[in-house]
Amino acid sequence: MSGEAPRRFALRGRILHAVGDPAERGEAAIEDIPDGLLRIAEGRIAALGDYGDLRHALEPGEPLIDLTGRILLPGLIDAHVHYPQTGVVAAHGRDLLDWLERHTFPAESAFADPEHAREAARFFLDELLRNGTTAAVVYCTVHPVSVDALCEEASARGMRIVAGKVMMDRGAPAALRDTAETGYRESAALIARWHGRGRIAYAVTPRFAVTSSEAQLEAAGALLREHPGVYLQTHLAEQRNEIATVLRLFPWAASYTEVYDRFGLLGPRSLLGHCIHLAEAELARLSASRSVAVLCPTSNTFLGSGLVDLDALRRPPRPVRLGLATDIGGGTSYSMFQTMAELHKVVRLAGQGIDPCGLFHLATLGNARALGLEREIGSLRPGCAADLVVVDPARRPALARRLAAGAEEGVSDLLLALAVLGDEQVVEATFVAGRPLYACPGSGVSVGQPPGR
Ligand SMILES: [Zn+2]
């Protein structure tokens, strides 16, 4: 790791972040400071503004890293990702349920071994940082040691992580099943151990309705009631045969959404992955409960799940709150840039549109708001944690050329080009709470050499 946290330093570069929702404010929701200065103190953003205005405020000896030509973004946020699935990305299956049985369940079985879990957690978190992602909402496996391994490694890096043990008491191999009772007890113990410790928060994690009995969903609802402040994460309406299976398993339910609703699993801290095939009554219920639909576009195209109906999700007077995620390993890229690009494509294929500022907002401030963490992450506003990404377009010649050709274009065009032509190659460095935890070779930033005093 990078040693002592730097206390005070400043970065010079182009600053780009969302300060509002582009759906309400258009391009004005994106603050763009072409020659900006970002001052960081004690792991938080202390000030930002124009370099010419702010440079006089630098204290004598305050280190200044000149990143002219680079773009400083808030750390990207991934709102739904499975760390035990790093080894099954791009594995072939007929559909979701076949893919789970053939590839994912065998891979997750190995996480009973704490050493295996720890090695996977290290790889996963370092891969997030290499992609400029500093915060994530993460599924572990059914094994409590898989949560411990991830949370310990995330704590060592100071990353903002929401995570939980999968609850799964049917429809999976015996080695991956808990029971309603053990799933409840182990989750409660993990909440006591990890929720609110440093930058870790807990998410009660019934995998999806197919793999949880009514008794287990009841237990998940009880955990939410007994521990206000924890999150709920699960999957909803990803594929049509999955929905048919759920309606067969819960014959009293008129819809998939009603299953979760019956057990008290909807609410403002509920993160529901996918939400592709939903009826009007389900959309209305998600909106009224302020639940979050987490869009996972690279997963949806890879597994052939379908095209999310963004217009339906956003339709007034009952818009559904939204998040954006990679869904590794159903998803195919760790990069939130590539995830933004894929959302653009699936929305286009559905005959709809999302403006590029909206894409960028989702991956940053929008996801922070979905988590209720907008005071801490998602933007570079003073007071927020100094979680940020240094992007160097020159590291991807096709992107650099595109931006040079469009030098007179607005911020929307820049953001779409960055999403479509950007990936981990353009990430020069990633800071977490002011510590440089990743820097590519030849970068102006050094891991392990904090710039501050
Ligand atoms: Zn998922």
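Me: Is Glu186 buried, exposed or partly exposed, and how many other C-beta atoms lie within 10 Å?

Reply: This is a predicted model, and every value here is computed from it. A residue counts as buried at 20 or more other C-beta atoms within 10 Å and as exposed at 12 or fewer. Glu186 has 17 such atoms, so Glu186 is partly exposed.

Me: Where is Glu186 found, and which residues is Glu186 in contact with beyond four places in sequence?

Reply: Glu186 is found in helix α6. Setting aside neighbours within four places in sequence, the contacts of Glu186 are Pro144, Lys165 and Asp178. Gly49 is 137 residues from Glu186 in sequence, and their C-alpha atoms are 47 Å apart in space.

Me: How are two packed helices described, and what are the values for α6 and α7?

Reply: The description of two packed helices uses the angle between their axes and the distance between the axes. Helix α6 covers residues 180-194 and helix α7 covers residues 214-226. Their axes cross at roughly 20° and come within 8 Å. Angles under 35 degrees count as roughly parallel, and α6 and α7 are therefore roughly parallel to each other. The crossing of α6 past α7 is right-handed.

Me: Which residues of α6 and α7 meet?

Reply: From α6 come Ala180, Gly183, Tyr184, Ser187 and Ala188; from α7 come Ala215, Gln216, Ala219, Ala222 and Leu223. The contact of α6 with α7 has 7 nonpolar residues, 3 polar and no charged.

Me: At what angle do α13 and α14 pack?

Reply: Helix α13 (residues 336-349) and helix α14 (residues 356-370) pack at about 135°, and their axes are 10 Å apart. An angle has to be over 145 to count as roughly antiparallel; α13 and α14 are therefore oblique to each other. Their crossing is right-handed. On the α13 side, Met336, Thr339, Met340, Leu343 and His344 meet Leu359, Phe360 and Ala363 of α14. By class, the residues of this contact of α13 with α14 are 6 nonpolar, 2 polar and no charged.

Me: What is the angle between α15 and α16?

Reply: About 165°, with the axes of helix α15 (residues 397-405) and helix α16 (residues 411-421) lying 10 Å apart. Angles over 145 count as roughly antiparallel, and α15 and α16 are therefore roughly antiparallel to each other. The crossing is right-handed. Ala398, Leu399, Arg402 and Leu403 of α15 make the contact with Leu414, Ala417, Leu418 and Leu421 of α16. The contact of α15 with α16 has 7 nonpolar residues, no polar and 1 charged.

Me: How many residues of α16 are buried, and what covers them?

Reply: Of the 11 residues of α16, 8 are buried, and the helix is mostly covered. The buried residues are Leu414, Leu415, Leu416, Ala417, Leu418, Ala419, Val420 and Leu421. Their cover includes α13, α14 and α15.

Me: Why do the buried residues of α10 line one face of the helix?

Reply: An α-helix has 3.6 residues a turn, so residues three or four places apart point the same way. In helix α10 (residues 280-289), the buried residues are Glu282, Leu283, Arg285 and Leu286. Down the axis of α10, these buried residues fall within an arc of 160°, so they line one face. Glu280, Ala281 and Ala288 are exposed on the other side of α10. After α10 comes Arg290, with a positive phi near 60°.

Me: What covers the buried residues of α10?

Reply: The cover includes α9 (256-262), β12 (292-295) and α12 (310-314). Leu313 has its place in α12. With 20 C-beta neighbours inside 10 Å, Leu313 counts as buried. Leaving aside neighbours within four places in sequence, Leu313 is in contact with Cys275, Leu283, Ala293, Val320 and Leu322. Leu283 is also one of the buried residues of α10. Glu280 is 33 residues from Leu313 along the chain, and their C-alpha atoms are separated by 9.5 Å.

Conventions:
Residues are numbered from 1 along each chain as its sequence is written. This is a predicted model: local features need pLDDT of at least 70, side-chain atom pairs count only at pLDDT 80 or more; totals for chains, interfaces and linings use all residues. Axes are lines fitted to C-alpha atoms, for helices over the stretch in contact, and angles run from 0 to 180 degrees between N-to-C directions. Helices (H or I, at least four residues) and strands (E, at least two) are DSSP runs, numbered from the N terminus. Angles under 35 degrees count as roughly parallel, over 145 as roughly antiparallel, 65 to 115 as roughly perpendicular and the rest as oblique. A crossing is left-handed if the near helix is turned anticlockwise from the far one by less than a right angle, and right-handed if clockwise. Two residues are in contact if their C-beta atoms, placed from the backbone, lie within 7 Å. Ala, Val, Leu, Ile, Met, Phe, Trp, Tyr, Cys and Pro count as nonpolar, Asp, Glu, Lys and Arg as charged, and the others, Gly among them, as polar. The arc is that of the directions from the helix axis to the C-beta atoms.
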